[in-house]
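Subject: Structure handover

Hi,

Here is the structure I promised to pass on. Please open it alongside this note, and then read on for what turned up.

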Amino acid sequence: MTTVTEQTVRPARKWRGAFRGILGNPALAIGLGILAVIVFAAIFADWISPFDPLRANPLARYKGVFSGWNLLGTDELGRDILSRLIHGTRYALLVAIVPTVIALAIGGLLGMIAGYIGGFVDTVIMRFFDIMFAFPGILLALGISAALGPGLSSMIIAMVVVTVPAFGRIVRGAVLQVKEEVFIEASHALGFRARRIALRHILPNILGPAIVYGTLQTGRNVILSSSLSFLGLGPQPPAPEWGQMLSSGRTALATAAHVATIPGLAIVVLAVAFNLIGDGARDYLDPRFNKQRD
């Protein structure tokens, strides 16, 4: 008979085991640490930013790093770069995570339908994905964003459309692999409904690869969203968005390189953080991969 104390200790042991697993995975630990700092900055941006990110001061244009209270200097309008960088974390996380979640939901559903049903349905969905793969991702995103007009919502829509086919292929491949397992054949032999097999037996076994790829894709979305904003198709000025900050600072590279360099480094750091998390999650969720590396 299980006592109350045992019921309390077991979850605690699981959490300690998960924490030790994360600490034992340097890539995952570093990536989560960087992401935690950025999330903290996004949540408490109004309290920790030293200045109003939209307040301009033409008399303080292009101040250098560590110039008085402006620790990271000022931009072409005299706005504090550190404050704009902190508030820009909200845009950076939004345009990286939201398109990934939506694309994973849509692409995952289509991939699961294609892989599980097969036949004509699989052919139609895969040929549709092949057509979309024929276009370079950045060009397709540019075309969609330009057609919808510049702005945050149009950029998110463009990124979702571009990334849906990749998620669909990943999930379809995982479904085809799981379908060949013995327990799926046993479920069919027991007369379980297709819906129950898909939701209770196939879906839990494909979540690992989907989550890992989704995390890696989030890092790519950081670069893609910054590219669209750099070209003027993302949030419009004076929004403190990192890609837009990089674009506005490129004209002063010769005289005030920090204006473009600092947001550029922030973009790289966030993208690297998600890539580290994805790589670490692959090791953490797939013990076979660990054995191969050993």
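Which helices do the buried residues of helix 5 pack against? They pack against helix 4, helix 6 and helix 7. Before the details, one caution: this is a predicted model.

**Helix 5**

Helix 5 covers residues 119–133. The buried residues here are Asp122, Ile125, Met126, Phe129 and Met132. They cover an arc of only 110 degrees around the axis, which puts them on the same side of helix 5. Phe120 and Ile131 are exposed on the other side.

**Salt bridges**

The structure holds seven salt bridges. One of them pairs Asp122 with Arg172, with the closest N and O atoms 2.7 Å apart. That pair links distant parts of the chain: Asp122 sits in helix 5 and Arg172 in helix 7, 50 residues apart. Asp122 counts as buried because its relative accessible area is 12%, under the 20% cut-off.

Asp130 has two partners to look at. Its side chain meets that of Arg127 in a salt bridge, at 2.8 Å from N to O. Both residues lie in helix 5, three residues apart, or about one turn of the helix. Asp130 is partly exposed at 29% relative accessibility. Arg127 is partly exposed too, at 43%.

The other partner is Arg169, whose side chain meets Asp130 at 2.2 Å, N to O. Arg169 has a relative accessible area of 35%, which makes it partly exposed. Elsewhere, salt bridges with shared partners join Asp75, Glu76, Arg79 and Arg84 into one network.

**Helix 6**

Helix 6 runs over residues 137–148 and has twelve residues. From first C-alpha to last it reaches 17 Å, close to the 16 Å expected at 1.5 Å a residue. Ala141, Ile144 and Ser145 are its buried residues. Down the axis they fall within an arc of 95 degrees, so they line one face of helix 6. Leu139, Ala146 and Ala147 are exposed on the other side. The cover over the buried residues of helix 6 includes helix 7 (152–179) and helix 9 (194–230). Gly149 follows helix 6, and its phi is positive, near 95 degrees.

**Leu54**

Leu54 is in the loop between helix 3 and helix 4 (81–117). With a relative accessible area of 46%, Leu54 is partly exposed. Leu54 and Pro238 are 184 residues apart in sequence, yet their C-alpha atoms are 6.5 Å apart in space. Leaving out residues up to four places away in sequence, Leu54 touches Arg79, Arg84, Pro238 and Pro240. Arg79 and Arg84 also belong to the salt-bridge network above.

**Nonpolar surface patch**

Val39, Phe40, Ile43, Phe44, Trp47 and Ile48 form a nonpolar patch on the surface. Together they have about 610 Å² of accessible area. Helix 2 (26–43) and helix 3 (45–48) each supply at least two residues of the patch. Helix 2 gives the most, with three. Ile48 belongs to helix 3 and is partly exposed, at 36% relative accessibility.

Over to you.

Best wishes

Methods: Residues numbered from 1 in each chain as written. Predicted model: local features only at pLDDT ≥ 70, side-chain atom pairs only at ≥ 80, totals over all residues. Heavy atoms only, no water. Patch = residues over 30% accessible without salt bridge, like charges linked within 9 Å, V, L, I, M, F, W, Y side chains within 5 Å. Areas by Shrake-Rupley, 256 points an atom, 1.4 Å probe, with all protein chains shown as cover. Salt bridge = Lys/Arg side-chain N within 4 Å of Asp/Glu carboxyl O. Helix = DSSP H or I, 4+ residues; strand = E, 2+ residues; numbered from the N terminus. Buried < 20%, exposed > 50% of the residue type's maximum accessible area, 1.4 Å probe, protein only. Expected span 1.5 Å × (residues − 1). Arc of directions from axis to C-beta. Contact = heavy atoms within 4.5 Å.
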